Amino acid sequence: MSRSAAPSPVLSSATVTDAASRAFVALDTRDSDQALAWARAVVPPLGGVKLGMEFFTANGPDGVRRIVDLGAPVFLDLKFHDIPNTVAGAARGAVALGVSLFNIHASGGRAMLQAALDASGEEASRLGRPRPALIAVTALTSLDDHDLADIGVAGNAADMVVRLATLTRDCGLDGVVCSPHEAVDLRRRLGPDFLLVTPGVRPDWAAVQDQKRHVTPAAAVAAGADRIVVGRPVTQAGDVAQAAARVAADMRAGV
């Protein structure tokens, strides 16, 4: 199956009616019942949830299916990075789970990126469902220029993001994970149809914690983010539903 014939993704960069629906809440827990409770509390007012390695290594595919079955969009954040054949197999598995969005590392290279896209399109067609949006990770938001220098990456974080985002677009993927600080530049360089998903989002009323390149939900929306990810400011709040509502209000203020 050619990349041009792949089914359209279930999520796109199209403008949504309510800015708050652009937010995914990170359900960073090993407790499947806790994740379900959080998901029910935050969607609505927010638009979806994210499941990462902490959840997946404890609960596996069955745990993901429990969340998917609630009906809210699920971002599977496992950042696949391996040889092309292995990542293609992982991509087929992600499609079969029914998630709306999943990611891989752009630094895996062109062949890996294209193998993941081809495999996800083929599996979606086989199952008769829309293809999940496939995005690539550029530079983790926990890394700054000093961290990149420590691991031998020349240039700064902004240069790395542009280089890997351009490769991702050229390979036909739907978008990238990027810091909100890079959203304006990437939108200008890569066009209006390229999906920008921004973690590292912290409301003014929340602690910064370990995100070195962060902005508020309102600022992320104003910068052009299609989707944002917010986690501990919501899930570690005393009232999770109230915290989600505060994030929703902040996002609407940014439009």
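Cysteine 171 is buried, its relative accessible area being 2%, where buried denotes under 20% relative accessible area, exposed over 50%, and partly exposed the range in between (1.4 Å probe, protein chains only). Cysteine 178 likewise counts as buried, at 1% relative accessibility. A search of the whole structure finds zero disulfides, a disulfide being taken as a pair of cysteine sulfur atoms within 2.5 Å. The coordinates are those of a predicted model, in which local features need pLDDT of at least 70 and side-chain atom pairs count only at pLDDT 80 or more, whereas totals for chains, interfaces and linings use all residues. Residues are numbered from 1 along each chain as its sequence is written, and side-chain values use heavy atoms, with hydrogens and water left out.

The protein chain contains ten helices and eight strands, these elements being DSSP runs numbered from the N terminus (helices, H or I, at least four residues; strands, E, at least two). Of its 255 residues, 54% count as buried. Among the contacts in the chain with a separation of 6 or more, 69% are accounted for by residues 24 or more positions apart, contact meaning heavy atoms within 4.5 Å.

The eight strands form a closed barrel in the order S1-S2-S3-S4-S5-S6-S7-S8, with parallel pairing; two strands are considered paired if DSSP finds at least two bridges between them. From one strand to the next, the twist averages 25 degrees, where axes are lines fitted to C-alpha atoms, for helices over the stretch in contact, and angles run from 0 to 180 degrees between N-to-C directions.

The crossing of H3 past H4 is right-handed; by convention, a crossing is right-handed if the near helix is turned clockwise from the far one by less than a right angle, and left-handed if anticlockwise. On the H3 side the contact is made by Pro84, Val87, Ala88, Ala91, Arg92, Val95 and Ala96, while H4 contributes residues including Ala111, Met112, Ala115, Ala119 and Leu127. By class, this contact has 13 nonpolar, one polar and three charged residues, with Ala, Val, Leu, Ile, Met, Phe, Trp, Tyr, Cys and Pro counted as nonpolar, Asp, Glu, Lys and Arg as charged, and the others, Gly among them, as polar. Serine 120 of H4 is one of the contact residues and counts as buried at 0% relative accessibility. Leaving aside neighbours within four places in sequence, serine 120 is in contact with Ala91, Val95, Phe102, Arg131 and Leu134.

Strands S4 and S5 run parallel and are joined by five bridges, and asparagine 103 stands opposite isoleucine 135 in S5. Five of the five residues of S5 are buried, and both faces of the strand are covered, with Ala133, Ile135 and Val137 on one side and Leu134 and Ala136 on the other. Alanine 136, located in strand S5 (residues 133-137), counts as buried because its relative accessibility is 0%. Neighbours within four places in sequence aside, alanine 136 is in contact with Ile104, Ala106, Leu113, Thr168, Leu173, Gly175, Val176 and Val177. One of these residues, threonine 168, lies 32 residues from alanine 136 in sequence and 6.7 Å away in space, C-alpha to C-alpha.

Arginine 163, found in helix H6 (residues 157-170), counts as partly exposed at 47% relative accessibility. The C-alpha atoms of arginine 163 and serine 107 are separated by 9.9 Å, the two residues being 56 residues apart along the chain.

Several backbone features complete the description. A cis peptide bond with omega of about -20 degrees joins valine 43 and proline 44, and the peptide bond from proline 44 to proline 45 is also cis, with omega near 20 degrees. Lysine 79, placed in strand S3, has a positive phi of about 50 degrees although it is not a glycine.
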